[in-house]
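Try each task before reading its solution.

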Amino acid sequence: MIFKECDIINVAENKKAIQSSISAWSFKNDLKSDLEVQDFAFHTGFEENPWWMVDLEDEIEIDCIRLTNRTNKSFQENLKNIKVELSLDKNSWITLDHSMFEWQNGFDILDINIYQVTKARYIKISLNGWGHLYFKKCEVFVKNVKGYVIASRGDGLGMRLTAMITGIWLAKKLDFKFAFIWEEGDFLNMPYIKNKDIVDVSMASKEEVFSKEYLQEYATNGEALYGYPASLKDEFFENNLSWFKNPDNLYKNYGYYTADYFLHYIEKFGFYQELKECFESIDFSDKFKEIQNYSKIIKEQLSDHSNKICALHIRGAEWVYSDDEGGLHCPNAWINSRFFPYELALEIAKTELSNGNSVIIFSQDRSVDLRLIKHIKKELGEKSKIVRAVDLFSHKNYTNFEEAFFEINLMSKADKIYATGSSGFSLVAQAISANTNQSIYQLYSTKELCEIIIKNINLKTSDKQKAMSYYFIYYFLREDNFNKAFSYLKKAIETNDKSITFKVIFMDCLFRLKEFDQIEFILKNLVKSDLRELEGGLYGSGTYFGWIFDFYENIRKCYTNFQNKQNYPYISFIAAKISFHKQDTRHAEQYLQFCLQKEPNNEIFLEFYEQLKYKNNVLLTGKNQQESIKTSAVSRIKSHLSYKLGQAMIENSKSIKGYIRMPYVLSYIKDKHKQEQRAYERSIKENPSLKLPPLETYSDYKEALKIKEHLSYKLGEAWIRAYKNWYKGGFIKFIFIDAPKIKKDFKNKKINKDQP
């Protein structure tokens with residue numbers, strides 16, 4: 001549940017309840033506030049579909065139903081197999097889908113989040129099939145606030161703080177309550193970066209960062225909402241925020257959640273001072289208040305020796321050095337919004353220093369920062385007032401997270417902040433200070449940016465930084481002067497020949513130049529040495545960002561639309577791979593045949609052929625299963641994603657080839673299942689008579705329930721949990737802890753069953 005205990009009331013307290021039967025273990029029916037039980041409060045007899053029901057005595061818009069399971073963990077899983085229904089009159093009932101169920105602490109507590117989607121007077125809880133129904137407590141919660149505005153970013157410090165500031169601001173405007181989610185851990189750990197000079201930041205716990213009183217009032221541990229709300233438009237902020245005040249526009253019935261880019265809209269309408277006040281309302285812990293005070297002392301010391309203080313936020317190291325080019329750190333996703341070239345930093349720093357101002361460098365790439373300072377002092381003199389932010393607190397023994405917090409606060413005290421304009425780090429510094437952010441993309445045209453980089457290209461940085469600067473020039477010149485841009489792309493590859501992205505873009509240029517033999521030669525080498533990286537560069541998750549999707553889709557079309565595939569097996573192979581990724585097995589098979597006609601013994605082609613054949617078999621099996629689902633509960637359970645994933649894991653674990661292709665197979669099954677679910681939902685929307693009946697109405701229902709105890713089903717359930725918690729190391733936990741434990745438990749259960 002998203003709401004805090006202080007913001008809800010239990011409308012079921014002291015209400016009357018009845019149950020289908022009583023037994024020797026029965027204790028109480030009613031929901032007395034003074035009821036104290038050690039294990040369970042309600043216990044029916046052994047019967048088919050036992051139930052318990054409470055009367056709320058009025059029609060109420062419910063936010064959450066909370067069931068507290070019995071204390072004895074040996075019997076807790078019984079509550080997994082329940083049905084929860086709502087009614088106004090005890091005649092017509094609405095069943096709550098299990099997608100609304102949220103378990104806590106294993107099976108200790110079940111929250112069923114409704115968030116006022118419907119009204120109810122009666123709540124009925126029943127067990128599917130034969131058995132006893134028992135649990136410790138039932139609470140029915142209704143919020144006593146208008147709603148929440150939740151700051152819910154789960155990534156960097158800057159993004160989190162901007163979400164908090166905008167959340168506080170919006171909550172005040174709407175008379176909602178502000179709340180925030182703050183997950184700790186290594187969210188910013190960058191294992192794909194192998195450069196020891198790049199600063200990595202692990203997120204501190206909320207208990208370290210905020211005061212105890214602030215956490216009690218505003219921190220929530222409800223469902224994870226990390227992500228972005230619907231796209232905002234200027235008119236949402238016009239007319240006194242009328243759009244937000246319309247209940248029909250709530251993200252969910254509990255309110256809104258905020259992301260960093262709300263700042264762009266809030267600032268546009270001139271609320272700088274209000275944002276500063278919002279930040280000042282955050283009550284940090286004593287440790288972090290001390291860090292804030294120290295940033296003030298440093299600012300005063302610097303102000304005594306210069307006219308103005310200028311901050312250079314040189315952003316981009318986390319993806320300049322990334323090996324995850326096809327994922328979230330794909331360069332093309334950020335090149336025009338997050339990359340701050342050092343050659344440009346040199347130009348700005350020289351201008352500000354010549355005007356008698358001080359310059360502070362805020363950056364993750366500390367070794368290149370030293371080279372920049374050395375270059376400037378050699379040109380302008382040793383007394384040039386330029387310093388790295390890290391040198392101002394080196395004696396403090398701060399953690400990396402504390403360093404980042406110090407830097408944000410110090411940056412906010414600068415008279416000017418030069419940044420890319422899209423980084424949450426500099427945006428929050430701007431909000432704190434109520435100053436304007438000097439975006440490099442607003443100060444200079446792209447032509448001017450390229451000219452400055454070319455002018456200062458001899459600045460010694462690092463191979464990857466320099467290569468990205470060359471690529472920056474290519475990216476912004478490619479439309480106006482292709483030949484000149486292409487020459488800089490070549491320089492980028494010469495400087496960093498490990499970058500798959502650069503090579504993918506280079507081959508795209510070769511398609512434009514009709515240099516197909518050269519493309520074939522490059523692909524042949526890449527397919528043999530870096531196939532996984534090549535796939536990531538062509539259709540990794542980073543290539544599907546909304547604003548660059550078309551760019552990469554046009555590259556993919558160069559392969560799939562290529563007319564002479566028969567004579568270029570490696571171009572054809574990549575076309576087959578792209579088609580396979582798009583679930584187009586028909587064209588994938590066609591293109592792969594061209595490859596095998598040219599190189600029938602190619603092991604890479606043959607391995608892909610086996611993978612494609614397996615996928616086609618899954619498709620055929622899926623069609624046959626759809627028919628049996630209509631008449632069999634066993635077939636329906638086997639059509640669950642958990643079972644299908646588990647079956648695939650067991651099947652593919654029988655050989656080395658199976659292990660290799662397993663990630664692809666599981667990904668395909670997940671995507672295919674999602675498509676099937678959407679198709680089913682569309683079909684019953686158009687024709688409600690196609691809706692499948694409840695599982696318990698099938699003649700083989702009891703047999704079907706046993707399928708959920710199979711090894712395949714248990715493995716699939718664990719994989720889905722791992723997938724949902726991938727950012728917390730879910731897959732690592734699945735591989736090394738969950739899967740071995742499930743197999744061991746299943747083996748022990750089987751041994752015990754076989755014993756006389």
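**Exercise 1.** Find which residues Ser-579 touches, not counting residues up to four places away in sequence.

*Solution.* Start with the location: Ser-579 is found in helix 21 (residues 569-581), where helices are DSSP runs of H or I with at least four residues, strands are runs of E with at least two, and both are numbered from the N terminus. Next, apply the contact rule, heavy atoms within 4.5 Å. This gives Thr-560, Asp-584, His-587, Ala-588 and Tyr-591. Finally, check burial: the relative accessible area of Ser-579 is 4%, so this serine is buried. Buried means under 20% relative accessible area, exposed over 50% and partly exposed in between, with a 1.4 Å probe and protein chains only.

A word on the ground rules: this is a predicted model, so local features need pLDDT of at least 70 and side-chain atom pairs count only at pLDDT 80 or more, while totals for chains, interfaces and linings use all residues. Residues are numbered from 1 along each chain as its sequence is written, and side-chain values use heavy atoms, with hydrogens and water left out.

**Exercise 2.** Work out which members of the largest nonpolar core touch the most other members.

*Solution.* First, recall that a nonpolar core is a set of buried Ala, Val, Leu, Ile, Met, Phe, Trp, Tyr and Cys residues joined through side-chain atoms within 4.5 Å. The largest such core has 92 residues, and Tyr-471 and Tyr-559 touch the most other members. Helix 15 (residues 463-477) is the top contributor to this core, giving 10 residues. Apart from this core lies another, of 58 residues, including Cys-278 and Phe-406. Now zoom in on Tyr-471: leaving aside neighbours within four places in sequence, its contacts include Asn-332, Leu-489 and Phe-502.

**Exercise 3.** Describe how the rings of Trp-52 and Phe-135 are arranged.

*Solution.* Rings of Phe, Tyr and Trp (its six-membered ring) pair if their centres lie within 6.5 Å; planes under 30 degrees apart are stacked, over 60 edge-to-face, and the rest tilted. The whole structure holds 46 aromatic pairs. For Trp-52 and Phe-135, the centres are 5.3 Å apart with 85° between the planes, an edge-to-face pair. Trp-52 lies in strand 5 (residues 51-61) and Phe-135 in strand 13 (residues 134-135), so the pair ties together parts that are 83 residues apart in sequence. Both residues, Trp-52 and Phe-135, are buried.

**Exercise 4.** Count the disulfides, then look at Cys-64.

*Solution.* Search for pairs of cysteine sulfur atoms within 2.5 Å. The count comes to 0. For Cys-64, the nearest cysteine sulfur is that of Cys-138, 9.8 Å away. Cys-64 counts as buried, at 0% relative accessibility.
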